[in-house]
Amino acid sequence: MGIRYTHTNINARDWRKLSQFYKDVFGCYTVGPMRDLKGEWFEKATGVKGAAVKGEHIAMPGYPEEIAPTFEIFTYETPKGEDTADINSYGFAHVCFMVDDVEATFEKFKAHGGSSYGELVKSYYPSLDKTITIVYAKDPEGNAVEIMNWTEGNVE
């Protein structure tokens, strides 16, 4: 196998609600059993005394289930309680979904509790002869999400 990317963890205030948001908006789906991780082994693995989480893995759309990367959405029983980073902070900044219709997906995103960082825009790249349609948004817990698509030609 060598090396293969598998998942990104999101620590949520409410894993059920955040998981459902990504299922409703982007068509993610549950894979594997619900996670209920705790005990000495988990404390040792995380370095967090009393570590205990519940949550699930949801597969990203566009991949066969057996190799689909996932969001691992957890809620800690004893969270540290700090807010998420802003889109222009250091470290992991956002996730991106390539969609067929950015406008429709963004409307669905907002209807399910998301909001925007900025405006939905289109920009033509002459060197590629393609137009990008893009919006940076926030899921219901404030995590940054890019929604985008490339279209052949200049469709600004």
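Helices (H or I, at least four residues) and strands (E, at least two) are DSSP runs, numbered from the N terminus. The structure is a predicted model, in which local features need pLDDT of at least 70, side-chain atom pairs count only at pLDDT 80 or more, and totals for chains, interfaces and linings use all residues. Residues are numbered from 1 along each chain as its sequence is written, and side-chain values use heavy atoms, without hydrogens and water.

**Helix α3**

Helix α3 spans residues 102–111, and its buried residues (under 20% relative accessible area; 1.4 Å probe, protein chains only) are Val102, Thr105, Phe106 and Phe109. Seen down the axis of α3, these residues fall within an arc of 100° (taken from the directions from the helix axis to the C-beta atoms), so they line one face of the helix. Their cover, counted by contact (heavy atoms within 4.5 Å), includes α1, β6, β8 and β9. Just after α3, Gly113 has a positive phi of about 105°.

**Packing of α1 and α3**

The axes, which are lines fitted to C-alpha atoms over the stretch in contact, with angles from 0 to 180 degrees between N-to-C directions, come within 9 Å and cross at roughly 150°. That makes α1 roughly antiparallel (over 145 degrees) to α3. Phe21, Asp24, Val25 and Phe26 of α1 make the contact with Thr105, Lys108 and Phe109 of α3.

**Polar contacts**

A polar contact is a pair of N or O atoms within 3.5 Å; within protein, one must be able to donate a hydrogen and the other to accept it, and residues adjacent in sequence count only if both atoms are side-chain atoms.

| Atoms or groups | Distance |
|---|---|
| His57 side chain and Thr70 side chain | 2.8 Å |
| Asp101 side-chain oxygen and Glu103 backbone nitrogen | 3.2 Å |

His57 lies in strand β3 (residues 52–59) and is buried, with a relative accessible area of 8%.

Key:
Buried means under 20% relative accessible area, exposed over 50%, partly exposed in between (1.4 Å probe, protein chains only). Angles under 35 degrees count as roughly parallel, over 145 as roughly antiparallel, 65 to 115 as roughly perpendicular and the rest as oblique.
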